[in-house]
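Reader: I am new to this and would like a close look at one part. Please take me to the place where the two copies come together.

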There are 2 protein chains.
Amino acid sequence: MKPYLLEHEELKELSAKIGGWRIMTNHIEREFNFSNFVEAFSFMTKIALICEKHNHHPNWENVYSKVIIKLSTHDLGGITNLDQTIASEINDIFEK
Amino acid sequence: MKPYLLEHEELKELSAKIGGWRIMTNHIEREFNFSNFVEAFSFMTKIALICEKHNHHPNWENVYSKVIIKLSTHDLGGITNLDQTIASEINDIFEK
């Protein structure tokens, strides 16, 4: 997938497409909460595999049962279709 | 291991004991750099197992090949022997 920066209109519709994610100026972010560390880190492991597959990696942090994920496409300086795709896959994993 | 807050003298000697860690007011932290995301996340996976074993979890973040780990003992409001033990085990993993 060749990434391209999302246009203004696409960004406006983005939060409806990737529920729970906040659309910031140059990145998107979402906080995920679990019951404990094992659940949180298992979630991170699944995401790590997806991100490596896409060769596109998050800026993320974890404290016990909480995971905060930020996605952006550094090379293009903003939010791309690739960020949207990965955010959507992350939501699918979370909702399973 | 029952954690106890490190005394002033112990804190002064701490940086010599856990090389690379910065001793802050209420926590210790270290940045680790790898060649790529797979190496960085593999390192995180090993640490996750250690932390779960001790039931003591870091505040940590990852961006691609970089991992920043912060350790403190929230319940006691500072740096304890448990933080020192885990920092030392993390260093062992990193140096392997």
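What percentage of the interface residues of chain A are also interface residues in chain B, and what does that say about how the copies meet?

Author: The model is predicted, so local features need pLDDT of at least 70, side-chain atom pairs count only at pLDDT 80 or more, and totals for chains, interfaces and linings use all residues. Residues are numbered from 1 along each chain as its sequence is written, chains are lettered from A and ligands numbered from 1 in the order in which they are written, and side-chain values use heavy atoms, with hydrogens and water left out.

Now the answer. It is 100%, so the copies meet through the same surface. Contact here means heavy atoms within 4.5 Å.

Then the core. The largest nonpolar core has 52 residues. Such a core joins buried (under 20% relative accessible area, 1.4 Å probe, protein chains only) Ala, Val, Leu, Ile, Met, Phe, Trp, Tyr and Cys residues through side-chain atoms within 4.5 Å. A:Ile69 and B:Ile69 touch the most other members. Elements giving two or more residues include β4 (66-71) and α3 (81-95) of chain A. Strands are DSSP runs (E, at least two residues), and helices are runs of H or I, at least four. Beyond four places in sequence, B:Ile69 contacts residues including B:Trp21, B:Phe43 and B:Ile90.

Notes:
Buried < 20%, exposed > 50% of the residue type's maximum accessible area, 1.4 Å probe, protein only.
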